[in-house]
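Here's a quick briefing to read with the model open beside you. Have a look at the fold first, then work through the notes by topic.

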Amino acid sequence: MAELLNPRPTPPDDAPRRPRLGVLGAGQLARMDQQAAIALDVDLRLLADGPGDAAVLAGAEALVGDHGDLDVLRAFASGVDVVTFEFEGVDNALLQALVDEGHRLVPAPTAKLFAQDKLHQRRGLGDAGFPVPPFEQARTPDEVAAFAATHGWPVVLKAPRGGYDGRGVGVVDDVEEAAAFLEPLPDGALVEPKVVIEREIAVQVARTSDGRSVAYPVVETVQHEAMLRELVAPAEIPEALAREAVDLAVAIVDHIGATGLVAVELFVTPDGLRINELAMRPHNSGHYSIEGAVTSQFEQHLRAALDWPLGSTALVAPAAVTVNVVGPEDGSDPRSRLRDALAVVGAHVHLYGKGARAGRKLGHVTALGPDVATAKRIAWRAVDILEGRA
Ligand SMILES: Nc1ncnc2c1ncn2[C@@H]1O[C@H](COP(=O)(O)OP(=O)(O)OP(=O)(O)O)[C@@H](O)[C@H]1O
Ligand SMILES: [Mg+2]
């Protein structure tokens, strides 16, 4: 039997039965799910890699086991009413096996595949007429060169599966670089032109299994070294474009029948909106919603997964800005500077309990304000302190 960490005490006999929600994964997103689960008195159980996972450290109940092992998944799913996710990298065939055995998954594996496999996503959404960038599957450097002959160098290569925080995405300038990128990918890569990106935006959508959905205001995300660094809510874009982005995101989520929280990442290009990728779980681009929206994306995810009424997605301030706390180059731990950061009035500091390593996402800071510039100033002041620059 797999080890159960932080086992919850047995409730008294007369306690009402609480909904049991399972989350595959126990990192910072599950940790924030847990915060929402406490408020709604949802019994959350996680599948964790081990006792050091961010959500386990925060006290969430967790089964330790390998999510690549069907027996482990089965045992986990049997103990909960609904299985949901905090990451994408679970074998889709195993998920389908759980569904075939009668377990309830949010989202269903057929939808989840659109977030797990970038090639599947491009094909499926492209075929349905949604605006994806031009793309091909490239198995060899020559196929990349053929694509570049039409669209020009550089091109962007992406591992179809398993990438996150920019790992698995490469801008390549020539055939040699393409060969190096393809080397570890026996099934090839997704190749796309290097899109002219005016802005990167994202829309969070929550959808229930009976087809109700709500969308959050459009946010702008700023990436640094392909990792999300700063997010601004609402995105400072024309209202018509924002409406188009929300409509597009809702249409995509409806089309693929996704449930739970979905983040739709979009590029604003000179030719209009283009789809980047989907995440089917709470996402970094929605962290502002904990303090910045009436209902946080984490609470919304629980509500959607349990088919409960969805909450208001309205912002509670004119602007909200989140800046990620990233491990500084000198390896120092932002936690050691928490006291000083807390002196920044209006900065909501979140630390994930992860070991400090250069370049690792260790937390985030959100600030609200009467305008974006003010919120940015507050959030960055706290992050500059945490990362040791101030
Ligand atoms: N076709 C493209 N043209 C130009 N830039 C691109 C293109 N595709 C991706 N990028 C850049 O690379 C970043 C990472 O790409 P993508 O979102 O696919 O990767 P990921 O690692 O799965 O993402 P995440 O950081 O959300 O986990 C994008 O946010 C964007 O800045
Ligand atoms: Mg992305």
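Let's start with a pair of strands: β7 (residues 155-158) and β9 (residues 189-193) run antiparallel and are joined by 4 bridges. Keep in mind that this is a predicted model, where local features need pLDDT of at least 70, side-chain atom pairs count only at pLDDT 80 or more, and totals for chains, interfaces and linings use all residues. Residues are numbered from 1 along each chain as its sequence is written, chains are lettered from A and ligands numbered from 1 in the order in which they are written, and side-chain values use heavy atoms, with hydrogens and water left out.

**The sheet**
- Within that pair, Val156 sits opposite Glu192 in β9.
- The open sheet has 4 strands, in the order β6-β9-β7-β8, with antiparallel pairing (two strands pair if DSSP finds at least two bridges between them; strands are DSSP runs of E with at least two residues, helices are runs of H or I with at least four, both numbered from the N terminus).
- At the edges you'll find β6 (136-138) and β8 (169-172), each pairing on one side only.
- From one strand to the next, the twist averages 35° (axes are lines fitted to C-alpha atoms, for helices over the stretch in contact, and angles run from 0 to 180 degrees between N-to-C directions).

**Helices on the sheet**
- Helix α6 (residues 118-127) packs on the sheet and touches β6, β7, β8 and β9 (contact means heavy atoms within 4.5 Å); its direction makes about 55° with that of β9.
- Helix α8 (residues 175-182) also packs there, touching β6, β7, β8 and β9, and its direction makes about 165° with that of β8.

**Domains**
- The protein splits into domain 1 (4-105), domain 2 (134-193) and domain 3 (199-386), with bounds from an automatic or database domain assignment.
- The centres of domain 2 and domain 3, taken over C-alpha atoms, are 28 Å apart.

**The magnesium ion (ligand 2)**
- Its protein donors are Glu265 (OE), Glu265 (OE) and Glu277 (OE), at 2.0 to 2.8 Å (donors are N, O and S atoms within 2.8 Å of the metal, or 3.2 Å for Na, K and Ca; water is not among the atoms, so sites may look incomplete).
- Glu265 belongs to strand β14 (residues 260-269) and Glu277 to strand β15 (residues 272-279), 12 residues apart.
- Glu265 counts as buried because its relative accessibility is 13%, while Glu277, at 23%, counts as partly exposed (buried means under 20% relative accessible area, exposed over 50%, partly exposed in between, with a 1.4 Å probe and protein chains only).

**Ser296**
- Ser296 lies in the loop between α10 (289-292) and α11 (297-305), and is buried, with a relative accessible area of 12%.
- Beyond its neighbours within four places in sequence, Ser296 contacts Tyr216, Ser289 and Ile290.
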